[in-house]
Amino acid sequence: MNVSIRLLQENELAAADHIFRLAFGTLLGLPEPTEFYGDAAYISHRWKTDPNAAFAAEVDGKLIGSNLAVNWGSFGYFGPLSVHPDFWNQGIGQRLVEPAIAYFTQCHTSMTGLFTFAQSPKHHVLYQKFGFRLRFLTAILAKPVQQLQPIPQGTRYSQMSEDERAENLKAIYQLTNSIYEGLDLSREIQTVQTQGLGDTVLLRDDKGLAGFAVCHYGAGTEAGSNTCFVRFGAVYSGTDAGQRFEELLDLCEALTVAQTMSRLVAGINTSRDEAYRRMLARGFRSEIIGVAMHRPNEPGFNRPDVFAMDDWR
């Protein structure tokens, strides 16, 4: 079998999406595997963000798998990695990891990570071949959201002028850099804005920006129908970080209601113990449990002092 690894092409996005759903739906034993993930989506908008970070596996001119890399400045991760079930256990997953690693090397990322099945030694062994090491569990949490106070004026990135957006991107970078040197969510925020995937909410206090959350909502995004999904959210660490985190969650819930959604979803690494416990106390419950793998084997921004939400799927 002659397997070719190359960049994923725009005219292959629908086929890659089909293989992604079929592969994960089959692995999870769904009666209709291609219904995995419902009307939510990953592949198209990630490809549009950076076509040079989307990789394809091909056999005899036919697409059989894909992998996508995401760059957040000094940190990067890849996924979803999917291979058509007809070609499982033939080393193709490993071949799709290789260009992602090369991409991160080219981007000079100081740390890479991934989210995988906590109960799957097969996946752990695959990624350990590339130097990834098992760290803490990551919980994808969800809660129903009811009517709250309206979202405050001046907190939505989409409603700001270009100058205001530029200033806020600088302030957001200062915050993420304080959590992990070089961590940069600017591209993520701009992708959500330019592709109409959702919005970014900003939390302020008397010192300026105190926190932010990049959110998807609705069908065709990573959220899906009736759902607001926090792609990444964080507040400054230190004194009163817990209270700031609660206020950021208030904003995310208000955004959910403002968009006529009734469900809020966010991922959090359980190493961020206080943030995780605060989310549980607010009524969030686990829907998916995975494990974070890091390369190199260092905490990065998965630490107890960090109050952040993210999802590396």
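**Cavities and a helix contact**

Strand β3 (62–72) gives the most to the lining of the largest cavity, with 4 residues. Helices and strands here are DSSP runs numbered from the N terminus (helices H or I, at least four residues; strands E, at least two). The model is predicted, so local features need pLDDT of at least 70 and side-chain atom pairs count only at pLDDT 80 or more, while totals for chains, interfaces and linings use all residues. Residues are numbered from 1 along each chain as its sequence is written, and side-chain values use heavy atoms, with hydrogens and water left out.

**Largest cavity**
- The whole structure holds 2 cavities of 30 Å³ or more; a cavity is a set of points on a 1 Å grid over the protein atoms alone where a 1.4 Å probe fits but cannot get out, and lining residues have an atom within 4 Å of a point.
- Besides β3, α2 (43–49) and α6 each supply at least two lining residues.

**Second largest cavity**
- The second largest cavity has a volume of about 40 Å³.
- Among the residues that line this cavity are Phe115, Asn269, Asp310 and Trp312.

**Helices α5 and α6**
- The axes (lines fitted to C-alpha atoms, for helices over the stretch in contact; angles run from 0 to 180 degrees between N-to-C directions) of α5 (residues 162–179) and α6 (residues 186–194) come within 10 Å and cross at roughly 145 degrees.
- Arg165, Leu169 and Ile172 of α5 meet Ser186, Ile189, Gln190 and Gln193 of α6, where contact means heavy atoms within 4.5 Å.

Note on methods: On a 1 Å grid over the protein atoms alone, a cavity is a set of points where a 1.4 Å probe fits but cannot get out, and a pocket is an open set with protein on both sides within 12 Å along at least five of seven lines; lining residues have an atom within 4 Å of a point. Grid points are joined across faces, edges and corners, and a volume is the space filled by probe spheres set on the points.
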